[in-house]
Amino acid sequence: MGKSPVIVTFKMSLRDQLDTNKLPNHIAIIMDGNGRWAKQKGLIRVLGHESGTKSVRETVEACAEIGIKHLTLYAFSTENWNRPKLEVQTLMKLLVKSLKKEIKTLQDNEIKLTAIGCLKDLPEKAFNELQYVKEKTKNNERMTLTLALSYGSREELVNVVKELSLKVKNNIISAETIDESIINKHLYTQNLPDVDLLIRTSGEQRISNFLLWQIAYAELYFTDIFWPDFKKEHLVEAIREYQNRERRFGKTSEQLT
Ligand code: IPE
Ligand code: IPE
Ligand code: MG
């Protein structure tokens, strides 16, 4: 009898599993399903949020490893203020705890943290911690991680209209010069490129007031996985699917080749 074959297994890096010439420049994620994840396990909702922070770390690390330049995470919407007071308080406490804990992960991976939303509505502790981490990581250049906190796209757009109206009124700009690039420069996301890939977990297929302007031509990807169960392989799967899509931007398929 001959020798049994030697099977060599090796783990491919995340980057090797993808076409590095076709990576999305900006990924945005609606991290949904923490409550249902907890309920399904007979746990209180808050434990779902706590477990969700592990998926945040895993996703952030994976994006950095893959070479994604911009990652934006929907962490708390303007509408989420309407949740039970205890849940809101716990979410804010979790934010502070995670910021304190993850500053090292951000530094180790050379990630710059930024935030979008009506940040002045955050509790002082959360606001201050956020400022601290932003300041500490501001020179990191490998990837930008943006947290959407007290974020609502309509609130953002209302602010843009107000600011531009004031500028017109005070003769700083003329109404005729308003174009897409001026609007871009007045959004919370002024320093970010358009979203290429928008992922939503938990099976819901809606946008929930997230980046309405910025996702105009994003590829949308919905998965039934609850956010606390979202792991590196799910991210790779989403990016693979993105790489198989044809982004036509209004043109015909033939025009692209
Ligand atoms: C997402 O999970 C986290 C936040 C919106 C803050 P949910 O808390 O919305 O979870 P479900 O949708 O109730 O399962
Ligand atoms: C969207 O999730 C907001 C965040 C993920 C932070 P929600 O769970 O609040 O969305 P809806 O209300 O079900 O659409
Ligand atoms: Mg939800």
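I began with Asp32, which is buried at a relative accessible area of 16% (buried means under 20% relative accessible area, exposed over 50%, partly exposed in between, with a 1.4 Å probe and protein chains only).

Before going on, I noted the ground rules. The model is predicted, so I take local features only at pLDDT of at least 70 and side-chain atom pairs only at pLDDT 80 or more, while totals for chains, interfaces and linings use all residues. Residues are numbered from 1 along each chain as its sequence is written, chains are lettered from A and ligands numbered from 1 in the order in which they are written, and side-chain values use heavy atoms, with hydrogens and water left out.

**Entry: the whole chain**

I looked up the chain as a whole and found eight helices and six strands (DSSP runs numbered from the N terminus, helices being H or I with at least four residues and strands E with at least two). From the N terminus on, the elements run β-α-α-β-α-β-α-β-α-α-β-β-α-α. The C-alpha trace spans about 90 × 55 × 35 Å along its principal axes. The chain has 257 residues, of which 44% count as buried. I also checked the contacts (heavy atoms within 4.5 Å): among those with a separation of 6 or more, 77% join residues 24 or more positions apart.

**Entry: the annotated active site**

Which residues does the UniProt annotation "active site" cover? The unreviewed entry gives Asp32 and Asn80. Asp32 and Asn80 are both included in the lining of the largest pocket. I wrote down how pockets are found: on a 1 Å grid over the protein atoms alone, a cavity is a set of points where a 1.4 Å probe fits but cannot get out, and a pocket is an open set with protein on both sides within 12 Å along at least five of seven lines; lining residues have an atom within 4 Å of a point. UniProt positions are in the numbering used here, feature names are shortened, and annotations may be inferred rather than shown by experiment.

Asp32 sits in the loop between strand 1 (26-30) and helix 1 (34-40). Leaving out residues up to four places away in sequence, I found Asp32 touching Arg200, Thr201, Ser202, Glu204, Phe226 and Trp227. Asn80 is in the loop between strand 2 (70-77) and helix 3 (85-108). Asn80 counts as buried at 17% relative accessibility.

**Entry: ligand 1**

A side-chain N or O atom of Asp32 is 2.9 Å from an oxygen atom of ligand 1. Gly35 places a backbone N or O atom 2.9 Å from an oxygen atom of this ligand. For a side-chain N or O atom of Arg36, the distance to an oxygen atom of ligand 1 is 2.8 Å.

**Entry: ligand 2**

The residues surrounding ligand 2 include Ile30, Asp32, Tyr74, Asn80, Arg200, Arg206 and Ser208. How far is the polar side-chain atom of Asn80 from an oxygen atom of ligand 2? I read 2.9 Å. For Arg200 the value is 3.3 Å, again from a polar side-chain atom to an oxygen atom of ligand 2. A side-chain N or O atom of Ser208 lies 2.6 Å from an oxygen atom of ligand 2.

**Entry: the annotated binding site**

Under "binding site", the unreviewed UniProt entry lists Asp32 and Glu219. Of these, the lining of the largest pocket includes Asp32. I found Glu219 in strand 6 (residues 219-222), buried with a relative accessible area of 14%. Beyond its neighbours within four places in sequence, Glu219 is in contact with Asp196, Leu197, Leu198, Tyr242, Arg245 and Arg247.

**Entry: helix 2**

I checked the length of helix 2 (residues 45-66). Its 22 residues should span 32 Å at 1.5 Å a residue, and the end C-alpha atoms are 31 Å apart, which agrees; the expected span is 1.5 Å times one less than the number of residues. Its buried residues include Gly48, His49, Ser51, Gly52 and Ser55. After helix 2 comes Gly67, with a positive phi near 105 degrees.

Key:
Near = heavy atom within 4 Å. Polar contact = N/O pair within 3.5 Å; in protein donor to acceptor, adjacent residues only side chain to side chain.
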